[in-house]
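Subject: Handing over the structure

Dear colleague,

I am passing on the structure that you will be working with, and it is shown just below. Please look through it first, and then read my notes on what was found in it.

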Amino acid sequence: MALSRTTFKTLFGIPRVIYRQPLSFPSTSPSSCILSTRGAYERDYRRPGQAPDTRWPWQKIRFDFSKGVEGIRKHFGLLKDEFVNRWTGPEGKPLINHMLEQTQVQWEFRGPESLNQWIVSSDQEIGGHSAAYIKTGRNNTTCFLYGMLCSTPPRDGETRYSGYCTMRSKQPLGSFDRKKHYDWSNFNTLHMRIRGDGRPWMVNISAETYFSHQRDDIYSYFLYTRGGPYWQDVKIPFSKFFLSSRGRIQDDQHALWLDKVNSIGFTLGDKADGPFQLEIDFIALCNDHAHTEEFAYELYKRNPEV
Amino acid sequence: MNPYVLTILLSSLGLGTTMTFASSHWLLAWMGLEINTLAIIPLMTQQHHPRAVEAATKYFLTQATAAAMILFAAATNAWMMGEWDINNLSHPMASSMMMAALALKIGLAPMHFWLPEVLQGLDLPTGLILSTWQKLAPLALIIQVAHTINPTMLTLLGLLSALVGGWGGLNQTQIRKILGYSSIAHMGWMIIISQYAPHLTLLTLTMYLFMTSAAFLSLKMTSTTNIMTMTTMWSKAPMLASTMALTLLSLGGLPPLTGFMPKWLILQEMAKQQLPLTATIMAMAALLSLYFYLRLCYAMTLTISPNTTNATMPWRTYTTQSTITLALFTTTALGLLPMTPAIMTLLT
């Protein structure tokens with residue numbers, strides 16, 4: 001765990017060195033709320049590039065009435081929306097949308113507040129030396145993920161490989177921080193407009209699971225970027241996504257079910273040290289009627305019993 | 001699946017239900033229910049998908065809980081009253097617990113929460129077995145013990161199921177979940193009349209089996225699982241789209257289709273039993289269900305999506321699936337209303 005060290009002078013002028021662990025106590029940043037039921041990592045997530053919060057715990061306390069009121073207003077407002085949206089139709093959209101929609105833009109980066117839905121991390125969590133940052137691109141119309149990849153493994157005696165960075169969307173939350181899911185069953189293709197740097201990225205989609213053994217199940221596919229100054233439209237059918245768990249591709253493959261999707265992410269781990277960048281304009285879904293493939297990989301038994 | 005294994009599982013399903021039908025002792029009835037639960041679990045997990053395994057797990061947990069409660073209620077009755085006979089469930093606590101357990105078995109509200117999720121995780125043939133065959137044995141037990149159950153409990157279960165089945169299905173886009181809520185609503189209708197006229201429960205069950213089988217088999221023929229796929233069904237199988245629409249309206253209880261028969265007879269019986277308010281609430285709840293069936297019909301047959309191919313009709317090749325059962329169930333789901341007097345004679 002990262003430690004921060006501050007020195008300060010006591011009343012008697014003797015400098016003291018104190019080691020503090022910044023993430024041990026709940027933070028009181030404006031985005032966290034008294035009613036939050038999410039874990040400590042999600043509450044106290046600090047985007048790389050932001051200065052660490054080195055305040056003392058008693059300085060982080062914000063114990064006032066308005067904080068409670070704003071939490072109540074936010075969550076009860078979301079609850080009211082959930083009831084009222086049912087009048088309009090399933091998931092708040094009229095039925096005609098569900099019948100006719102061919103495309104749906106899911107993430108569109110317009111403005112700095114759109115970056116709040118994304119979590120960026122790198123191998124610094126395990127002691128590596130890569131760095132990844134996220135910012136809005138030119139004219140606040142794109143998302144710009146950049147940083148430096150370093151595949152030197154951390155010297156902890158057990159890690160052999162390192163050098164990865166990732167950007168992942170947060171799971172949508174309903175009222176009272178209940179987890180919601182995306183329903184993409186009307187679509188069969190992922191459509192993104194990106195401008196990369198020629199590196200091979202991976203797109204990861206995580207769906208809702210039931211057992212704790214499936215916690216790290218992720219459906220992935222490759223995203224080869226060109227690197228030129230021109231934008232690149234990438235369409236990946238969902239039938240191409242393969243299942244991996246904790247990074248290991250599974251033998252027993254199955255298709256991704258689109259009715260409960262939690263998050264999407266982009267990962268870079270191509271063992272090439274140096275700077276990287278990926279600019280994303282939008283991430284959308286579309287329904288390609290010409291694509292009738294259900295799953296691209298074998299489903300039949302590989303060793304049938306006789 | 002290996003044909004021998006499939007034969008064993010399907011015959012176990014048949015054996016379990018038959019044992020429950022033929023039993024007069026609670027232990028044998030419970031055994032039949034357990035055999036049914038265990039036999040359908042491998043059918044549910046045929047596809048190695050985590051959602052199928054999740055559905056099987058949820059199904060197993062709820063059904064095992066219900067079976068344990070059934071055994072506990074029967075044992076309590078045997079201890080208190082000295083009777084293991086199914087028809088002599090006289091202890092009030094035992095009869096209430098038994099009814100709660102059987103309600104959990106068939107997915108009556110308020111013990112219905114597992115049903116839509118489990119149906120959503122299954123493929124259509126297994127969903128059909130779950131919605132039809134697995135309801136037979138518990139309902140046989142309910143019909144036998146209905147006269148001993150607290151009438152208020154039965155009425156509340158029935159009303160709540162009809163309302164929940166109607167409201168819950170309103171904002172769904174997945175058809176399997178819609179059919180799950182439809183099942184809850186129909187079970188409500190069956191339960192509420194079981195204390196006054198058990199033959200009508202049997203009638204409703206039979207008609208429900210025909211209609212649901214027709215619906216599931218039509219969906220299986222066109223591999224349709226959500227509303228959007230339903231909107232393009234007309235160009236691929238126009239006759240099936242029209243009969244599917246009529247099947248859905250039959251599920252909604254519209255005359256002159258079969259589904260009107262049980263609802264009409266139940267409302268008539270409730271009027272005879274001096275229950276106008278209950279009858280009115282049930283009829284209003286049926287309107288909620290009718291709304292989502294009509295919505296499906298609207299999406300399927302009353303609209304033409306602009307997003308199909310340029311040609312008017314795609315080239316329709318012959319299907320390799322067997323169509324005889326679909327034809328049979330569709331005919332019974334649509335055309336049995338004029339035979340109401342004959343059916344009533346058979347059942348009373």
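Predicted model: local features only at pLDDT ≥ 70, side-chain atom pairs only at ≥ 80, totals over all residues.

In chain A, the residue A:K135 lies over the face of A:Y146, at 5.2 Å from the ring centre, where a charge sits over a ring if NZ of Lys or CZ of Arg is within 6 Å of the ring centre and within 35 degrees of the ring normal.

Residues are numbered from 1 along each chain as its sequence is written, chains are lettered from A and ligands numbered from 1 in the order in which they are written, and side-chain values use heavy atoms, with hydrogens and water left out.

Next come the aromatic pairs, for which rings of Phe, Tyr and Trp (its six-membered ring) must have their centres within 6.5 Å, with planes under 30 degrees apart counted as stacked, over 60 as edge-to-face and the rest as tilted. By this rule there are 24 aromatic pairs over all chains. One of them is edge-to-face, because the rings of A:F76 and A:F176 have centres 5.3 Å apart and planes at 90°. Since A:F76 lies in helix α3 (residues 65-88) of chain A and A:F176 in the loop between β7 (165-169) and β8 (189-195) of chain A, this pair ties together parts that are 100 residues apart in sequence; helices (H or I, at least four residues) and strands (E, at least two) are DSSP runs, numbered from the N terminus.

A:F76 is partly exposed, with a relative accessible area of 45%, and A:F176 is partly exposed as well, at 30%; buried means under 20% relative accessible area, exposed over 50%, and partly exposed in between (1.4 Å probe, protein chains only).

Finally, the structure holds 0 disulfides over all chains, a disulfide being a pair of cysteine sulfur atoms within 2.5 Å. A:C143 is in no disulfide, and the nearest cysteine sulfur, that of A:C165, is 14 Å away. A:C143 is buried, with a relative accessible area of 0%, and B:C297 also counts as buried, at 5% relative accessibility.
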